[in-house]
Amino acid sequence: TFFGAISEVENTLKDKGFERIHKSFVVNLRYVSRIEQRKLTLDNGTELPVSHHRYKDIMVSFMHACVKS
């Protein structure tokens, strides 16, 4: 259980390869296998919603993460 703001988690993990993809989710981009406009798929098959207004930033961060790998 966590009590706090997700924005705090987002700010803490931003420089460690994590990205906020939705109001309720922060994910490690190294474990993302696919991104679509409305959802993201992790390596284990889990699908998570992607915020429409965050989509562009998520794609840019994902491409940067792929280049670093």
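Which element supplies the largest share of the lining of the largest pocket? In this predicted model, the answer is helix H2, with four residues.

The pocket itself has a volume of about 220 Å³. Its lining is made up of 13 residues, and those closest to the centre are Gly 17, Leu 29, Ser 61, Ala 65 and Lys 68. Helix H2 covers residues 55-68. Strand E1, at residues 18-22, also contributes to the lining: E1 and H2 each supply at least two residues. By residue class, the lining holds six charged, four polar and three nonpolar residues.

Another part of the structure to look at is a sheet. Three strands form an open sheet in the order E3-E4-E5, and their pairing is antiparallel. Strand E3 (32-35) and strand E5 (47-49) each have a single partner strand and stand at the edges, so one side of each has no neighbour in the sheet. On average, neighbouring strands of this sheet are turned by 25° against each other, with direction ignored.

The pairing of E3 with E4 can be followed in the residues. Strand E4 consists of residues 39-42, and three bridges join E3 to E4, the two strands running antiparallel.

Note on methods
Residues numbered from 1 in each chain as written. Predicted model: local features only at pLDDT ≥ 70, side-chain atom pairs only at ≥ 80, totals over all residues. Heavy atoms only, no water. 1 Å grid on protein atoms, 1.4 Å probe; cavity = no way out; pocket = protein on both sides within 12 Å on 5 of 7 lines; lining within 4 Å. Points joined across faces, edges and corners; volume = space filled by probe spheres on them. Nonpolar A, V, L, I, M, F, W, Y, C, P; charged D, E, K, R; others polar. Pairing = 2+ DSSP bridges. Axes fitted to C-alpha atoms, helices over the stretch in contact; angles between N-to-C directions.
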